[in-house]
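Have it on screen and follow along.

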Amino acid sequence: MAISQTISEDGKTVKIKIRGRFDYKMSSEFRNAYCHHPGREDVIYLVNLSNVDYMDSSALGMLLLLREHAKCRAGEVIIERPSEPINKILKVANFEQLFTIEYSS
Amino acid sequence: MTGIPTTRAAAHGRGRALIVDNDVYASSELENLLITMGFKVCVLQRGKQAIEKLGQKSIDFVFMKTRLADMHGSEFIKRIKESQPELDISVVFLSPESEDELLKDCMNQGLDNYLLYKVSPIALEACINSLEQMGELNNLYKSSVHEQVIGKQILSAALSARNINLEGMRTFSRSAEIFSGDLVLSARKPDGSLHILLADFTGHGLSAAIGVLPVADMFSVMTEKGFDPEKILKSINKKLYTLLPTRMFMAACIVQIDSKIRNVIVWNSGMPDVYLLEGESGGIKQCIKSSHIPLGINVEISNKLAYEAFNIDFGDQIIMHTDGLTDVLDTSGAMFGVSRLVHLMEESDRDTAVFDEIVHAFDHFSANQHLCDDVTLVSITCDENLMATIPVNVDMNINVTGKFRKEERVRNIEMIADGNLKSGFKL
């Protein structure tokens, strides 16, 4: 599995970790990683990109979908430890204006 | 009305079959089976006769013995695929034993299936069913490509009416599908200055191309009315915010060059770096980074859009590209990368245009592989020719052939992408 998901005991934190290429082919897998956690509010979604070596614009679009999902439920998305190539892509898109990005764990 | 072709079986019962076999007993057995299954059947003994027949009459299936007296199966396949590549015929070999090397060779040339003597009714039915399904798929695929080509032509014509084609501007584009989500536009303000926009919608294909028209409309109308790029980008952002689904956005940069070609101003929202190159040496004078989020994500991009302004010397060049150029992979999975692009610009040979060097390096690197993203490269040479316009030439030919096989599909799409647009823009 290129995407793994863990939910904290209180259900308030969903950790999503992606490996390898994060592109348009991962669309439904990524969606499944947060959509099956319905009904809860104030959830923090931690998206770990430390092991991702490439992401395309569709993957940026997937992050925007998650952002909207979280926003509708008073939650938040935090992008964790983007790898060097991913950080460059996030910088070009200026995604730090849209997401909290944490550079160290 | 749709342009979906009728299936071959529907045209005349289950279809027409041709048996080519010099073994009279075996061929009459097969003939009986095929007639029972609803085929019109013709039996011939020689390969040469069969090739003549195929030229005269429409045939759906050919069942042929791999080794005929006058022709080997591989030669037969080669001759019909070469002489009549547009024919939609399924060829099935009949062989007394499995001849792996021969089959492998012929499968590469277009053989569809093979059956072992003595042909069992069940195996024959299964073979024909699967080939008929392939035929249906192939028809659907062709019809879909046909519709997309027409759609693309309509879009091309609509865009060509809005664009100006500048002599000093060159565009290289490759699309991953027939439609492209990359967009190059140019327009002139009433004071004579130029606006050139390069944009990249999320993803590729039809869904990415759908936002192209409203953007082109706003860009050309607002430029012609004399609006500045900041106002244009903000308006396009608002439009795309209401138009596009959450997952989609458009990265864009606009370059403005004044009518005397003395200075350039660049706005960059989510696009890769834009480069200003020193005319003679080709070295990088300036590199303009993205300073905003792409368009269509938030209702406002930013209160005040940042831009970068530079003086230009005659002969300087501006290079813009979409990420598809630097993200392309070679056959081993390595990426073209920004550093390779920068190296090409820094180390450019004085006798060759940087644009040509980049295109050559890209083609060499990507080795005609199927692309995962649309690719666009634009160069603007800031000299006396820049402001001259040349006529837009849109080639309206539709040319779609081939079966639903991956390598042919890629070739068809590239042929369409290469052949249909010769103007200074792409979609």
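**Notes on the model**

1. Start with a loop in chain B: Lys225(B) sits between α8 (212-224) and α9 (229-243). Bear in mind that this is a predicted model. Lys225(B) is exposed, at 63% relative accessibility. Its C-alpha is 6.9 Å from that of Pro190(B), although 35 residues separate Lys225(B) and Pro190(B) in sequence.

2. Now look at helix α1 of chain A, residues 27-35, where the buried residues are Phe30(A), Ala33(A) and Tyr34(A). Viewed down the axis of α1(A), they fall within an arc of 80 degrees, so they line one face of the helix. The background is simple: an α-helix has 3.6 residues a turn, so residues three or four places apart point the same way. The cover over the buried residues of α1(A) includes strands β1 (3-7), β2 (13-22) and β3 (44-55), along with helix α2 (57-72), of chain A.

3. Cys35(A) is partly exposed, at 23% relative accessibility.

4. Over in chain B, Cys127(B) is in no disulfide either, with the nearest cysteine sulfur, in Cys106(B), 15 Å away. Cys127(B) counts as buried, at 4% relative accessibility.

5. How do the two chains meet? In this model, 20 residues of chain B are in contact with 18 residues of chain A. Together the chains bury about 1600 Å², with 59% of that on carbon and sulfur atoms. There are zero salt bridges between chain B and chain A, but seven residue pairs are in polar contact across the interface, counting pairs with both residues at pLDDT 80 or more.

6. A few backbone details deserve a look. Most residues other than glycine have a negative phi, and most peptide bonds are trans. Tyr117(B) and Lys118(B) are joined by a cis peptide bond, with omega about -10 degrees. Lys118(B) belongs to the loop between β5 (113-116) and α6 (121-160) of chain B.

7. Which way does phi go at Asn94(A), positive or negative? Positive, at about 55 degrees, although Asn94(A) is not a glycine. Asn94(A) is in the loop between α3 (84-92) and β5 (100-102) of chain A, and is buried at 7% relative accessibility.

8. Asn368(B) also has a positive phi of about 55 degrees. Asn368(B) lies in the loop between α12 (354-366) and β15 (375-381) of chain B, and is exposed, with a relative accessible area of 58%.

Terms used. Residues are numbered from 1 along each chain as its sequence is written. Chains are lettered from A and ligands numbered from 1 in the order in which they are written. This is a predicted model: local features need pLDDT of at least 70, side-chain atom pairs count only at pLDDT 80 or more; totals for chains, interfaces and linings use all residues. Side-chain values use heavy atoms; hydrogens and water are left out. Buried means under 20% relative accessible area, exposed over 50%, partly exposed in between (1.4 Å probe, protein chains only). Helices (H or I, at least four residues) and strands (E, at least two) are DSSP runs, numbered from the N terminus. The arc is that of the directions from the helix axis to the C-beta atoms. Contact means heavy atoms within 4.5 Å. A disulfide is a pair of cysteine sulfur atoms within 2.5 Å. Buried area is the accessible area (1.4 Å probe) that two parts lose on being put together, summed over both. A salt bridge is a side-chain nitrogen of Lys or Arg within 4 Å of a carboxyl oxygen of Asp or Glu. A polar contact is a pair of N or O atoms within 3.5 Å; within protein, one must be able to donate a hydrogen and the other to accept it, and residues adjacent in sequence count only if both atoms are side-chain atoms.
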